[in-house]
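This report looks at the aromatic rings of one structure and at their surroundings. The sequence and model come next.

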Amino acid sequence: MTRERIVTPQPTTPEDEAFSWALRPRRLSEYIGQQKLVEKLSLSIQAANHRQEPLEHILFYGPAGLGKTTLAHIIANEMGTQLITTTGPSLTKPGDLMGILTNLRTGDVLFVDEIHRMNAAVEEFLYPAIEDFCVDFLVDSGPHSRLVKFKLERFTLIGATTRAGLLTAPLRDRFGMMHHLDFYPNEDLTAIVKRSAGLLQLKIDNDAAPEVARRSRGTPRIANRLLRRVRDFCQVKADGNVTSELARQALDLEGVDIIGLDDLDRNYLRIIIQHYGGGPVGIEALAATLNEEADTLEDVVEPYLLKIGFLQRTRKGRMVSNLGFAHLGFNMPPHRQKELF
């Protein structure tokens, strides 16, 4: 039976935690979407189990909410081993990692979320651990200092990052498998919404699930969050059953439009159009104007806008495309129209 030990849990409310765990698939056979990735993982896991060896180190990268953490849990379940989770920012010195590594058993899975934010000293300390399964730890200081070599059990490191470009080349090269998670098509999101509704014992019409799916920005985490908002709305305003009309009303109330843009997305595009003539404009200027962190805009807002073609990132800065102008009901300025021809 798989046991899980959390080293540094994510800062979520009890309600969010319970909701997330209730809907999270436990096996690859239950996982919806990312078919090529699931097939490759299934082959690797079967081969490793056949050889009775730990799985190779794996790096998952892609936008937030696409299932990187879920896949780490599934891999531990499929391998029948323990999962230990931590985050890159929480590992500030080698000693933070030392206690985790020396307690790992053969085949255990160490999951490091946001691994690109790991301290440089910790990263260098990790290299021999994942390559040779041993570490040299400095004991004491000054003339009494000495290096003690610790032999580690063979384990699997799974790293997850939303910004693979910030990983150093030495760390990236030490992963045996690198898998990119992309946004989900509406068909897969519809299946996820139906599955989640079933687990929640929520009756949802066949045409209501696609309504939630198309507004989910291609992201399962958002689909499940919107489903919870729709469930609340239907329980208060109706008999609890979800119809397409009720789903539409609930999501309109949340400020989520027909393609999944929320207030922050629209404000982001509107600022570029109204304040900067459609762009180009730098990310720092946008962050200051919106009173948001630049990292929030880059990690949360921009990936989906780039995916649907509403935003262009150039050397000079961010620019709203003609699709973005049209969606918000703005006419493209003359100087931008000339650039198209």
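Is F183 buried or exposed? F183 is buried, at a relative accessible area of 16%, where buried means under 20% relative accessible area, exposed over 50% and partly exposed in between, with a 1.4 Å probe and protein chains only.

The model is predicted, so local features need pLDDT of at least 70 and side-chain atom pairs count only at pLDDT 80 or more, while totals for chains, interfaces and linings use all residues. Residues are numbered from 1 along each chain as its sequence is written, and side-chain values use heavy atoms, with hydrogens and water left out.

Two aromatic pairs occur in the structure. Rings of Phe, Tyr and Trp (its six-membered ring) pair if their centres lie within 6.5 Å; planes under 30 degrees apart count as stacked, over 60 as edge-to-face and the rest as tilted.

| Pair | Centre to centre | Angle between planes | Class |
|---|---|---|---|
| F133 and F155 | 5.6 Å | 85 degrees | edge-to-face |
| F183 and Y304 | 5.9 Å | 70 degrees | edge-to-face |

F133 lies in the loop between α5 (120-131) and β5 (134-139), and F155 in the loop between β6 (146-151) and β7 (156-161), 22 residues apart. Helices (H or I, at least four residues) and strands (E, at least two) are DSSP runs, numbered from the N terminus. F133 is buried at 8% relative accessible area, and F155 is buried at 1%.

F183 is in the loop between β8 (177-180) and α7 (186-199), while its partner Y304 belongs to helix α13 (residues 294-307), 121 residues apart. Y304 is buried at 10%.

A charge also meets a ring: the charged end of R174 sits over the ring of Y127, 4.1 Å from its centre. This term requires NZ of Lys or CZ of Arg within 6 Å of the ring centre and within 35 degrees of the ring normal.
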